[in-house]
Amino acid sequence: MKIPIFSPYIYAPLLFILLGAVPIRSQAGRTASDLYTEVDKYQAQQTSMLMRQGKAVDRDSRDQILSQRKSLAKKHAAELAIRPELQNTDLYFLGRLYSIAENDKETLGAMKKFVAQRPPEENDYLLQSALSFVVVLSSKYKQMPAAEEAFERWSNGHPLVLGQKPVLQDHLATGYYKDGQYEQSVKHSQAAFDLLKTIPAKTFQEKRNREQVYMNLVEMLALGYKKIKDNDRSLNVLAEARAQSLSLPSADLYRKVMTFVEGGGFSEKKLMQKTSFYLSSEPAPEFKVKDWIGQDPVSLEDLRGKVILLDFWATWCGPCIATFPRLRDWHKKYSGSDFVIIGVTKYYGEQSNKRMTPLQELDFLGEFKRKHKLPYGFAIADPDEASWKYGITAFPSAVLLDRRGVVRYIGIGAGTEESENLEDTIKVLLKEERIAAATVRNLFPSAGNVVSQ
């Protein structure tokens, strides 16, 4: 079991040492803390060694290091478990070793013993960490009374990290749902859902980190309310999540919501009607562009007053190429009506199975544009920033912005129905706020500098 990446408990061993606690030493002279620390640092040390040797740290090497780390954790856990009279922090670090070894049942057993022995203290990072393991793993095995008791103790403990609470309640809700206790599942899901929305994300990365938890809660609430025959509230949750996917923006979250809607038999028409109540008015995020092709450099703010279609694609993506005829058609039909298409891609370091420098790839993309007779400009984004800021995990993905720069639609894939929905939304947005758009262009005169060749 892995504690989420934004959890502070990954730093618990360091805090434990800083607080001055002294773990019990084994007869062999290596403490449980020593064994855990060796495993904890293994990945960073091995990666650093590869880099010093001038070797590539690719996916295969990372997977190999993680496999070795898991084996080392299993070995140390087995060695530690046979020592007589393990107690106090020895049990905690044994649990952490079992966790890295991916032995959830033994992790839960060790953490329960640690919690049972641990006396209450004013600030106990290790106890809070252990309790979070107990909540998550007890929920996994549908041991709900134990999970609930651990959650209650965690909630009253210190330090209390508020951002961790929705994560734990998500696990509780899932456990209750799988156990058929739908009322309890909805209770925890709704509390976590409401709390998550009140905790401000300090960075864009924090927003992205919370997406999976948010989507898990959306699914639990939608399913839970449906189980207890409250279909209206179930649809409200999905509508709010769809609006959230546009305001973040996140094509990945949008795709998950719409997939769930389709698979759950919900009415997409009713969903669309409800979504408008939750829509944000925040403009879409800017992203850095390394190079432009067939387009003068321009920002999204420069284009206020125009309807903008950001088309995320790659040259190796067959479905992306399949969308080019419709994009050419839309450019011809609507470009005189304050409509701009920008194709967003990035440098991959290779094209057509040939390694390329950025300048070579720039030439390749220019020729690609001419070959496919694409009349709109390309933005070559700075590494993965654009995809990251817009939550793009699949190609092609289309993000449609209204005259205020607000995301109003996200389309994924090259299907006919998707194409029709996207074009219908383009038509609607072009009819909106024509008088206001003229005012926006006066505020941002550079909006008239867009050149599409």
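## A left-handed crossing

Let's start with two helices that meet: helix 9 and helix 10 cross in a left-handed way. Helix 9 covers residues 182–198 and helix 10 covers residues 204–227, and their axes come within 9 Å and cross at roughly 145 degrees. Keep in mind that you're looking at a predicted model.

Who does the touching? On the helix 9 side, the contact residues are Y182, S185, V186, S189, Q190, A192, F193 and L196. On the helix 10 side, they meet R210, V213, Y214, L217, V218, M220, L221, G224, Y225 and K227. Sort the residues of this contact by class and you get 12 nonpolar, 4 polar and 2 charged.

## Another helix pair

Now look at helix 2 (residues 32–52) and helix 4 (residues 89–100). They pack at an angle of about 25 degrees, and their axes are 8 Å apart. Angles under 35 degrees count as roughly parallel, so helix 2 and helix 4 are roughly parallel to each other. The crossing of helix 2 and helix 4 is left-handed.

You can find the contact by looking at A32, S33, L35, Y36 and V39 in helix 2, which meet D90, F93, R96, L97 and I100 in helix 4. By class, this contact of helix 2 with helix 4 is made of 7 nonpolar, 1 polar and 2 charged residues.

## Salt bridges along the chain

Next up, charges. Side chains of opposite charge can pair when their charged atoms come close. In this protein the count comes to 20 salt bridges.

Take K70 and E102: they form a salt bridge in which the closest N and O atoms are 3.2 Å apart. K70 has a relative accessible area of 34%, so K70 is partly exposed. E102 has a relative accessible area of 52%, which means that E102 is exposed.

R83 and E79 make another salt bridge, and here the closest N and O atoms are 3.0 Å apart. Is R83 buried or exposed? With a relative accessible area of 17%, R83 is buried.

## A buried pair and a network

Which side chain does D338 meet in a salt bridge? The partner is K306, with an N to O distance of 3.9 Å. D338 sits in the loop between helix 14 (318–334) and strand 3 (339–346), while K306 sits in the loop between strand 1 (289–293) and strand 2 (307–312), so the pair ties together parts that are 32 residues apart in sequence. D338 is buried, with a relative accessible area of 18%, and K306 counts as buried too, at 13%.

Salt bridges can also share partners: that is how D402, R404, R408 and E432 are joined into one network.

## The whole protein

Time to zoom out. The protein has 18 helices and 8 strands. It has 453 residues, and 50% of them count as buried.

What about contacts across the chain? Take the contacts between residues at least 6 apart in sequence: 71% of them join residues at least 24 apart.

How values were computed: Residues are numbered from 1 along each chain as its sequence is written. This is a predicted model: local features need pLDDT of at least 70, side-chain atom pairs count only at pLDDT 80 or more; totals for chains, interfaces and linings use all residues. Side-chain values use heavy atoms; hydrogens and water are left out. Axes are lines fitted to C-alpha atoms, for helices over the stretch in contact, and angles run from 0 to 180 degrees between N-to-C directions. Helices (H or I, at least four residues) and strands (E, at least two) are DSSP runs, numbered from the N terminus. Angles under 35 degrees count as roughly parallel, over 145 as roughly antiparallel, 65 to 115 as roughly perpendicular and the rest as oblique. A crossing is left-handed if the near helix is turned anticlockwise from the far one by less than a right angle, and right-handed if clockwise. Contact means heavy atoms within 4.5 Å. Ala, Val, Leu, Ile, Met, Phe, Trp, Tyr, Cys and Pro count as nonpolar, Asp, Glu, Lys and Arg as charged, and the others, Gly among them, as polar. A salt bridge is a side-chain nitrogen of Lys or Arg within 4 Å of a carboxyl oxygen of Asp or Glu. Buried means under 20% relative accessible area, exposed over 50%, partly exposed in between (1.4 Å probe, protein chains only).
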